[in-house]
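Work through the exercises below with the model open. Each task is followed by its solution.

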Amino acid sequence: MKFLLRNIFLLFTILHIACLGKADPPKLQKKDDSIIGRFIREVGPDEMQKLLNSPEDPNNPGLPVNDLLYMVDKVSIDKMIRLVQGIGASSTLQLMYAIKRLGCGKADPIRFNTTHVGCYTSDYHYLKVAADLLTGTQDVEKIIRLVNRVSIDPAAKFCGPTMNPADEPDCDRYIEKLAFLTVYLNDVSKMTALINGVIDERDVVFFIDQLDTGLSLPPIAATDIAAGNELAENYRLVKIMQNVQDANKLYAMINGKRTSRSTSEDATQQAYLRDKMVPVIQGPTGMTPQSTQENAWIYKLYTMINTIADMSKMVDLLSQISTTTVPTVVSLIDSLNPGTLSSYTASPTAPQDSAMITLAYTVDNTDKIEKLVYLMENADMSKLAPVINDVSCISQASDGGNNNSGLTCSDATADGSRDDLQAAGKKLTAIINGITYTSSTNHKLYRMADLIDALSTTCGTNTLDSAKLSNIINFLSIANSTKLADLINDITNWQGNETTYYDSTARSSAAPAAGWCAFTDANYPPLLNVTFKVNSPTSAAPKDTAVRTLAYVLDNVADSNKMVQLVDEAGNTRATNLATLVNEVACVSQAADGSTNNTDCNTADGTRDDFNAAGKKMVSVIDNVSDITDLEFVIDNVSTISNMAALINQIDIGNGTTTGTARIATIINNVSVEPNAWNTTPNDAATRGTSTGMGKLVNMIEYVNDPSMASMAQLINGIDGNLLGYLILGSNTTAGTTNSSNLVGLVNAILAEPTVSVTDMVNMMTSPYDLASDTTIHSNPAQTYGDILGELVNTLSPATGTTTTNPSADHQLVAQLLAPISGVSQGVGSANMNMLIRDLNSVASGQRTGQLLSQTNSPLCYNENCSSPTLSKREAFVRMILPDIPPNGGVLYTLPNPDVNFPGIGVIHIATLMNDANSATNLITLINNSNIADAIVIVGCTDHVNDYNSDGVKDDPTGPDFYTPCTTIGQGW
């Protein structure tokens, strides 16, 4: 009591001196003299005795008088009095001395001289820290309950004035944690923001109690703190709180789902804080304190908190995931790239610094947090982590930026623009948001879980590695990422035995017990099957662009439903074929138009100046096909998908809807007016002849005798797609009659004939007339021309063969006639053949012309040599068609003396004969039953060929002259 009275007298003396202005601290005014008296009265002499006990007392040191005066000066006297009343003088002194001791020995960073004999405010201003803590707390009752350890856990020991002495060790440990948080934050405002913001400070008490449960009895040495031997979990919490930019987010996380101070919510809060919040702060099991791993963990958590705008999303996620799932989520976060971190203050190294931004953006922007909860509880997060890492590393640019330049996260130049570090999150969010979810029992999220679970799975030679999935996402634009969701949603044949492995409420199993490889093509999820069989982006060049091609197609097709239909097929024949098609086109077509594409994947175009060339070609086909089921039919039914790939490889990309690969779509659109059918059993000419619609195109791909498909590619590159489509269909737009085997036979005959090439066929169908604009003969020149030529070919003797298509002699004849003009030893040239077909006016005319070619005898007699035939059918028609005299055309008529040269009657007149005749029989009979010279003379002189007005002047200056030879032999006008 004597010491108390002495200190009280000292207080009043100091105050009196302060009033006279003789000393600087504590600068109390005279009217404040009563404050000390009030403090003594309301706190009580016993408590005041503890406060003002000798600071040198080793067992119960009190505060120096100046320290108490500083606190009285800086803090509201009401708060000071209520604090001491509420927590007691002993706890007040214990907290302040713990703040002083920890502050003076603070080791991170070492700011103070820990060997200093004393500890003054010039070393560490612990008084200011204590004053700021009390001043910044709006409700002193909160800090009283916080210090007294009033917890939502009823078993927690009370640490206030009436505590049980046996609980003192536990309380000492608790006060040490509280002081540690206050000191090591370096910013008391973060602590006061937490206290002020929490709905119920009892939650904070409980949370602090869960951290560092094995803390030694204080005082804790600074060296143990620095080494991570003590307070390691609180250290992580401090570092997170230090780096969180918005202090409001701190208390939002602690509040969890609490809505009031009602004890009815205590049990829920205990489970949330103990089982969700604390494990996340603690991090991976066995993490070494003060290690690079811990620094990375701290960085990840505060980055996530800083990135998330709506903390309620994070709270919802933690609240809804099961306790057993938390370690999985911790493992996911631990596996995400932090970048290179030497300490918690270091900046992570680009581009591996945005994985947490990606995850945070996804949490913040997912339309239903239940989706993420489902995925985290059902999918393998260890397999998702590499996908997030790769996507976050590479997709760092907004749409239009260079977001496709890197294939792996190790590529340091993954994206030099880096203008949107949330781009990856935007893509992932768009995919997740796009997946159907109407309730917990009606969703397609299990399909997303399938994609994740199947990663890093090898089935035979096929592997679905994370690089495949991540690069599909990487090459998608942000705007079109939902197209992947469309695939996941809309494929009806996701899994043939889906009901066995999924129940109505949850994903019960990803695959049979033997794993993903136990599925067969018949029941494998087709999207997974396509992805399994597409070449990995880690394949050696040029086989490294298949995934990129698949992604480009998905990203750029105008209607994602077409991609859904292409992939969606039970049995997976199309999925396998589609993967092969993607592989082979991606491998070979890696150059822009104008470069050299070839068919060998191992020696594909070395230019590699456009990795999206293959994707552009496939998009061109898909976008321009009116009914995707027609393209599906072709992909399903070609027995050698490599032929189709070779076809696409050698066709230019083109521009718009009329050039390059768009012509394939144009052909399909024209042929698709009849049902698609292709008879494959037995595989012979007779059954192939009954193919319809796309079955005809399949025949063209299957049986043109050119494995490189260069000839088909040349046809498609060179001939208007409408015309080629009408040719394949034949005979009007409702029910085509062209036998595609005969058309294949014609192409094969051209390939086999040494005097002619596909170029001649292209020229025949394109020159010298522009069928797109020439309507002088036909109102729809392309359709009519195609129909007539188709019917002409169809009327020829049919092609023959079993597994191959062998041209008939008639096909060979047409091929030979196409040969360039070189006297009667070759053909009539493409221009004459073009003119012949162009001038025919109907399908019937084409049929009659086909009959003429087919039914004319071979060999034919020529003049007096009939008994010893020397003319082939080819030469006979060359002589008839070329409007020239021997040796280039025509005949030498030998009956008169001297012999007379007659020209061929020309294509125009042959067309006129076929147009006007009821049948080709008369001309056929004439040719077959007389020598060719007589036939030409009879027709030419009787019809006054090229002088129809009989005035002796040629109607066409370039046409044949029959007037002169006919009048010479007396068959004149």
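**Exercise 1: the second largest cavity**

The second largest cavity has 17 lining residues, and nearest its centre lie Leu 372, Leu 375, Leu 384, Ile 388 and Ile 432. The model is predicted: local features need pLDDT of at least 70 and side-chain atom pairs pLDDT 80 or more, while totals for chains, interfaces and linings use all residues. Residues are numbered from 1 along each chain as its sequence is written, and side-chain values use heavy atoms, without hydrogens and water.

Task: state the volume of the second largest cavity and the class of its lining.

Solution.
1. A cavity is a set of points on a 1 Å grid over the protein atoms alone where a 1.4 Å probe fits but cannot get out; lining residues have an atom within 4 Å of a point.
2. The volume of the second largest cavity is about 190 Å³.
3. Its lining comprises 16 nonpolar, one polar and no charged residues.
4. H20 (381–394) contributes the most to this lining, four residues.

**Exercise 2: H18 and H21**

Task: find how the axes of H18 and H21 cross.

Solution.
1. The axes of H18 (residues 355–365) and H21 (residues 423–434) come within 8 Å and cross at roughly 40 degrees.
2. Angles under 35 degrees count as roughly parallel, over 145 as roughly antiparallel, 65 to 115 as roughly perpendicular and the rest as oblique.
3. H18 and H21 are therefore oblique to each other.
4. Their crossing is right-handed.

Key
Axes are lines fitted to C-alpha atoms, for helices over the stretch in contact, and angles run from 0 to 180 degrees between N-to-C directions. Helices (H or I, at least four residues) and strands (E, at least two) are DSSP runs, numbered from the N terminus. A crossing is left-handed if the near helix is turned anticlockwise from the far one by less than a right angle, and right-handed if clockwise. On a 1 Å grid over the protein atoms alone, a cavity is a set of points where a 1.4 Å probe fits but cannot get out, and a pocket is an open set with protein on both sides within 12 Å along at least five of seven lines; lining residues have an atom within 4 Å of a point. Grid points are joined across faces, edges and corners, and a volume is the space filled by probe spheres set on the points. Ala, Val, Leu, Ile, Met, Phe, Trp, Tyr, Cys and Pro count as nonpolar, Asp, Glu, Lys and Arg as charged, and the others, Gly among them, as polar.
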